[in-house]
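This report describes a two-chain model, beginning with a pairing between the chains and then turning to their interface and to one chain by itself.

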There are 2 protein chains.
Amino acid sequence: MKSVQLNEFWRLASRPEIIAWAVAQHEGRRSICPLGWKMRTSFAPPMVAVSIAPKRFTHGLIAASGEFVLSWPGEDQAEATYFCGTHSGQNTDKFAEMGFTTLPARHIQVPLIAECAAHIECRVRGRLETGDHTIFAAEVLGAWIAEPPRRLLCSIHPSSGAEILLQRGGYSFGVVR
Amino acid sequence: MKSVQLNEFWRLASRPEIIAWAVAQHEGRRSICPLGWKMRTSFAPPMVAVSIAPKRFTHGLIAASGEFVLSWPGEDQAEATYFCGTHSGQNTDKFAEMGFTTLPARHIQVPLIAECAAHIECRVRGRLETGDHTIFAAEVLGAWIAEPPRRLLCSIHPSSGAEILLQRGGYSFGVVR
């Protein structure tokens with residue numbers, strides 16, 4: 001057993017990691033924040049938790065509106081994921097920039113992005129500050145899957161042997177099924 | 001876009017999911033709780049969050065001691081993961097039952113299981129009740145990787161095409177690299 005630095009540790013222990021986008025809007029502003037730090041956290045009521053840094057524009061939208069959509073990009077959205085992760089919604093409308101089509105959600109005001117592979121509608125029920133991030137714990141009010149189902153985008157270690165779609169700026173995106 | 005039940009949704013959106021074991025001890029009692037619901041939640045200080053149901057024996061040990069090891073089983077631990085997930089530490093010493101070898105951790109009292117592929121030492125810094133689970137948010141004090149590195153066990157959808165190691169009781173374990 002070898003003691004290692006955390007960067008080395010997480011390269012081993014967190015890849016492949018399915019990527020999701022936290023999508024939020026409030027008072028006419030909207031944004032998209034790609035993230036890997038998410039988990040389920042309750043069966044009944046069904047809940048998920050996401051970790052988002054307060055410096056992200058999306059963080060403020062979720063804190064103010066109390067709701068968000070968690071969307072899973074498909075394999076054709078590696079470029080969009082990179083763009084949304086490297087620009088701020090403070091000065092960019094990522095929906096317009098990416099040319100996304102929106103569909104109404106059923107339970108909340110945040111729209112679904114038609115180009116994504118899967119979505120859940122989420123209402124915040126609790127939050128916890130954790131170092132440099134905030135955990136938003138949210139009830140899942142509805143779920144959507146694109147037809148036909150599509151392969152989900154993952155953050156992948158380049159040496160994994162899995163199918164790599166985009167490597168840029170230290171990120172490596174691919175699919176595992 | 002099709003509205004779906006959550007069971008169907010998570011089959012698509014959360015597989016493959018790397019499995020970890022929350023390992024805890026307090027006043028001579030010890031246990032192991034396999035879980036998929038975990039995420040990183042801070043860069044500085046480095047933190048992780050896990051979701052554990054209060055009915056789990058391990059939950060009480062973590063709540064009382066304020067620390068746990070998060071261990072990643074390797075590909076040879078599918079059977080052990082199934083055993084630990086389907087028995088309670090209330091009436092079973094899973095370490096003894098599995099014949100595990102323990103090694104001292106560096107920062108906390110909980111031991112490392114020598115048979116596992118990777119470990120982090122965790123001290124609880126916050127908690128949040130979420131429906132039928134508790135989120136424990138913990139600082140990561142140290143990290144360990146087995147030498148040579150081993151492939152990590154995942155919860156995998158049987159139709160994924162990935163290598164399946166064990167299917168039992170509704171669980172499907174395998175590896176993706």
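## A strand pairing across the chains

In β1(B), S3(B) is the bridge partner of W144(A). This belongs to an antiparallel arrangement in which 2 bridges join strand β11 (residues 133-145) of chain A to β1(B), strands being DSSP runs of E of at least two residues and helices runs of H or I of at least four, numbered from the N terminus; two strands pair if DSSP finds at least two bridges between them.

The model is predicted, with local features requiring pLDDT of at least 70 and side-chain atom pairs pLDDT 80 or more, whereas totals for chains, interfaces and linings use all residues. Residues are numbered from 1 along each chain as its sequence is written, and chains are lettered from A and ligands numbered from 1 in the order in which they are written.

## The interface

In chain B, 51 residues are in contact with 51 residues of chain A, a contact meaning that C-beta atoms, placed from the backbone, lie within 7 Å. On the side of chain B that touches chain A, at least two residues each come from β1 (2-3), α1 (6-13), β5 (38-42), β6 (47-52), β10 (118-130) and β11 (133-145) of chain B, and the largest share, 8 residues, is supplied by β11(B).

## Chain A

Chain A contains 4 helices and 14 strands. Its C-alpha atoms fill a box of roughly 50 × 35 × 35 Å along the principal axes. Among contacts in chain A between residues at least 6 apart in sequence, 60% join residues at least 24 apart.

Note on methods
Two residues are in contact if their C-beta atoms, placed from the backbone, lie within 7 Å.
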